[in-house]
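Morning, everyone. Please have a look at the model on the screen, and then I'll walk you through it.

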Amino acid sequence: MRLLLAPFAALALTGCISLGGAEPPPTLLTLTADAAAPAGSGASGTGKDALTVVEPDAPASIAVTRVPVQVDDANVAYLQDAMWVEKPARLFRRLLSETIAAKTGRIVIDGLDPTIKTDQRLRGRILDFGYDARSASVVVRFEAIRDDAGGLVATRRFESVIPGIAAEPAPVGEALNRAANDVAGQVADWMGE
């Protein structure tokens, strides 16, 4: 009986394993903070002093692990063989948190934590986070919104454009990291005002 069931079990198992399909890219892209707090550093205070950084909203073309390429005003494609380790909005939230903490010395809570109440919050929308084929540029645009417990709301748009980038995964990934760090630095300066 076992000998008769073995081929059927092997056949059923092949449905769970994908042997075909697209090969994964040789490397995955990520964001690394230029301004990072050194090991052993820390901060303490109250929720009044702390800032929560919320994951930004992003359009569907960016809310994926692929790198969008703006072909023209009405068409978007994706850069071949370029993929993020996770969605760019999450990577950018962590980059913002790290940069703001390092540059301002503030207590920064990365993401919503219902157990920690902060008086200030930073959120926003990623407007662009990819490659523009028309200008051979990497573009990062972020519309930030900060609010506090007193009801004060402020917005500001930040941008970094790095021209002259070849449409290949390595140079685009490196340029996106630089542009994202530039925008995060601008946001940190704004939060310190």
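First, one definition: a salt bridge here is a side-chain nitrogen of Lys or Arg within 4 Å of a carboxyl oxygen of Asp or Glu. Keep that cut-off in mind. Also, this is a predicted model.

So, which residue does Arg93 form a salt bridge with? The partner is Asp110. Their closest N and O atoms are 2.7 Å apart, and that is within the 4 Å cut-off. Where do the two sit? Arg93 is in helix 2, and Asp110 is in strand 4, which covers residues 108-110. They are 17 residues apart, so this pair links distant parts of the chain. Now the surroundings. Arg93 has a relative accessible area of 13%. Buried means under 20%, so Arg93 is buried. Asp110 comes out at 35%, which is partly exposed.

Let me step back to the fold. The protein chain has three helices and seven strands. Reading from the N terminus, the order is α-β-β-β-α-β-β-β-β-α. The chain has 193 residues, and 34% of them are buried. On contacts, take those with a separation of 6 or more: 67% come from residues 24 or more positions apart. The chain exposes about 11,100 Å², with carbon and sulfur atoms supplying 55% of that.

Back to charges. How many salt bridges does the structure hold? The count is 14. In general, side chains of opposite charge can pair when their charged atoms come close.

Two of these involve strands 5 and 6. Take Glu143 with Arg125: the closest N and O atoms are 2.5 Å apart. Glu143 lies in strand 6 and Arg125 in strand 5, residues 120-132, so the pair ties together parts 18 residues apart in sequence. Arg125 is partly exposed, at 39% relative accessibility.

Next, Arg141 with Asp128. Here the closest N and O atoms are 2.4 Å apart. Arg141 belongs to strand 6 and Asp128 to strand 5, so this pair ties together parts 13 residues apart. Both are partly exposed: Arg141 has a relative accessible area of 26%, and Asp128 has 25%.

There is also a network. Salt bridges with shared partners join Glu55, Arg90, Arg93 and Asp110. So our opening pair, Arg93 and Asp110, belongs to that network.

Now the aromatics. The structure holds four aromatic pairs. One of them is Phe92 with Phe142. Stacked or edge-to-face? The ring centres are 5.2 Å apart and the planes stand at 75°. Over 60 degrees counts as edge-to-face, so that is what this pair is. Phe92 lies in helix 2, residues 88-104, and Phe142 in strand 6, residues 137-148. The pair therefore ties together parts that are 50 residues apart in sequence.

Arg146 lies over the face of Trp190, 4.3 Å from the ring centre.

To recap: helix 2 carries Arg93, which bridges to Asp110 in strand 4. Helix 2 also carries Phe92, which pairs with Phe142 in strand 6. That's my tour. Over to you for discussion.

Notes:
Residues numbered from 1 in each chain as written. Predicted model: local features only at pLDDT ≥ 70, side-chain atom pairs only at ≥ 80, totals over all residues. Heavy atoms only, no water. Phe/Tyr/Trp six-rings, centres within 6.5 Å; stacked < 30°, edge-to-face > 60°. Helix = DSSP H or I, 4+ residues; strand = E, 2+ residues; numbered from the N terminus. Lys NZ or Arg CZ within 6 Å of the ring centre and 35° of its normal. Buried < 20%, exposed > 50% of the residue type's maximum accessible area, 1.4 Å probe, protein only. Contact = heavy atoms within 4.5 Å. Areas by Shrake-Rupley, 256 points an atom, 1.4 Å probe, with all protein chains shown as cover.
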